[in-house]
Amino acid sequence: MRPRPQKDDRRRRLKTWALRSAAVLVVFAAGVALGQALDDSSPPAGTRTSVRTLVPATLDAETVTVTVETAP
């Protein structure tokens, strides 16, 4: 048998590396998707926040008379 050329070994290693990398990315994406799905299905926390605008009431103006005396 004759020895394989080096190019075939490099190509095989590159394909193996690419397939392993792709498998790792697929497993990572599946884990992220599973985590998001589990987080979305959890019940909401006990704190509820609501926002509303309060309109100030109008008040009638009161008239007050103040007398100031000065002593000589």
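## Helix α1

A helix here is a DSSP run of H or I with at least four residues, numbered from the N terminus. In this predicted model, helix α1 covers residues 6–40, and arginine 11 lies within that stretch. If you are looking for other elements, the protein has one helix and zero strands.

How far does α1 reach from its first C-alpha to its last? The span is 51 Å for 35 residues, close to the 51 Å expected at 1.5 Å a residue.

## Burial and surface

Let's turn to cover. The helix is hardly covered, since the count of buried residues among the 35 residues of α1 is zero. For the protein as a whole, buried residues make up 0% of its 72 residues.

The accessible surface of the protein comes to about 8,100 Å², and carbon and sulfur atoms hold 59% of that area.

## A positive patch

Which residues gather in a patch of positive charge on the surface? They are Lys7, Arg10, Arg11, Arg13 and Lys15. Take arginine 11 as an example: its relative accessible area is 54%, and it counts as exposed because the cut-off for that class is over 50%.

## A nonpolar patch

Your next stop is a trio of valines. Val64, Val66 and Val68 make a nonpolar surface patch of about 340 Å². Valine 68 sits in the segment after α1. Is valine 68 buried or exposed? With a relative accessible area of 68%, valine 68 is exposed, because that value is over 50%.

Conventions
Residues numbered from 1 in each chain as written. Predicted model: local features only at pLDDT ≥ 70, side-chain atom pairs only at ≥ 80, totals over all residues. Heavy atoms only, no water. Patch = residues over 30% accessible without salt bridge, like charges linked within 9 Å, V, L, I, M, F, W, Y side chains within 5 Å. Areas by Shrake-Rupley, 256 points an atom, 1.4 Å probe, with all protein chains shown as cover. Salt bridge = Lys/Arg side-chain N within 4 Å of Asp/Glu carboxyl O. Lys, Arg positive; Asp, Glu negative; His and termini not counted. Charge placed at Lys NZ, Arg CZ, Asp CG, Glu CD. Helix = DSSP H or I, 4+ residues; strand = E, 2+ residues; numbered from the N terminus. Buried < 20%, exposed > 50% of the residue type's maximum accessible area, 1.4 Å probe, protein only. Expected span 1.5 Å × (residues − 1).
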